[in-house]
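Have the sequence and the 3D view open as you read.

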Amino acid sequence: MPHNPYRLLVVQRADALTVVVHAYASRHRRRLADFWPGLRNQLVRASASISLNLGEACGYHSPPRVIAFLETAIGSCNEVERILSLCARLGVHDPRLSFIVSEIAGVRMMLYGLRRHLKQSSPPPPS
């Protein structure tokens with residue numbers, strides 16, 4: 001999958017998601033720190049991990065290696081979503097929270113689709 005990662009829509013959306021999550025985390029820095037030291041950092045790192053793993057995946061020709069990075073990015077989507085869900089339950093409310101969660105779901109669906117495409121188009125491993 002040697003591609004220019006910036007040309008892939010999923011990378012563009014993941015980058016935009018990272019920026020939005022960072023803004024959310026910055027707006028609520030104190031509240032997040034009050035609830036759980038390091039939660040803001042974990043949220044920002046997990047959101048950046050989505051895009052960074054996609055960028056790394058684009059450097060490999062081997063579908064299994066690319067798929068491994070896609071699965072890590074999917075896991076990071078899940079982590080960001082769980083942290084935001086926890087934040088909402090802890091009372092860190094934000095009018096953009098539902099938008100952020102829907103963006104996470106959109107990026108994750110694109111990652112699932114790309115992973116499925118790679119699994120279907122790659123030859124089976126030799127026996």
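A crossing is called left-handed if the near helix is turned anticlockwise from the far one by less than a right angle, and right-handed if clockwise. Helices (H or I, at least four residues) and strands (E, at least two) are DSSP runs, numbered from the N terminus.

## About the model

This is a predicted model, in which local features need pLDDT of at least 70 and side-chain atom pairs count only at pLDDT 80 or more, while totals for chains, interfaces and linings use all residues. Residues are numbered from 1 along each chain as its sequence is written, and side-chain values use heavy atoms, with hydrogens and water left out.

## The overall fold

The protein chain has five helices and zero strands, in a box of roughly 55 × 30 × 20 Å that its C-alpha atoms fill along the principal axes. Of its 127 residues, 39% are buried (under 20% relative accessible area, with exposed over 50% and partly exposed in between; 1.4 Å probe, protein chains only).

## Helix α5

Let's look at α5, which has 25 residues and reaches 36 Å from its first C-alpha to its last. That is close to the 36 Å expected at 1.5 Å a residue (1.5 Å times one less than the number of residues). Its buried residues are L97, I100, I104, G106, V107, R108, L111 and L118, and what covers them includes α1 (9–27), α3 (39–57) and α4.

## α1 against α5

The axes of α1 and α5 come within 10 Å and cross at roughly 155° (axes are lines fitted to C-alpha atoms, for helices over the stretch in contact, and angles run from 0 to 180 degrees between N-to-C directions). α1 is therefore roughly antiparallel to α5 (over 145 degrees; under 35 is roughly parallel, 65 to 115 roughly perpendicular and the rest oblique). α1 passes α5 in a left-handed crossing.

In contact (heavy atoms within 4.5 Å) are, among others, L17, V20 and V21 of α1 with I104, V107 and L111 of α5 taken as groups. By class, this contact has 14 nonpolar, one polar and two charged residues (Ala, Val, Leu, Ile, Met, Phe, Trp, Tyr, Cys and Pro count as nonpolar, Asp, Glu, Lys and Arg as charged, and the others, Gly among them, as polar).

## α4 against α5

Helix α4 (residues 63–89) packs on α5 (residues 97–121) at about 160°, with axes 10 Å apart, so the two are roughly antiparallel. Here too the crossing is left-handed. The contact includes L70, I74 and C77 of α4 and I104, L111 and L118 of α5. Its classes come to 18 nonpolar, one polar and five charged residues.
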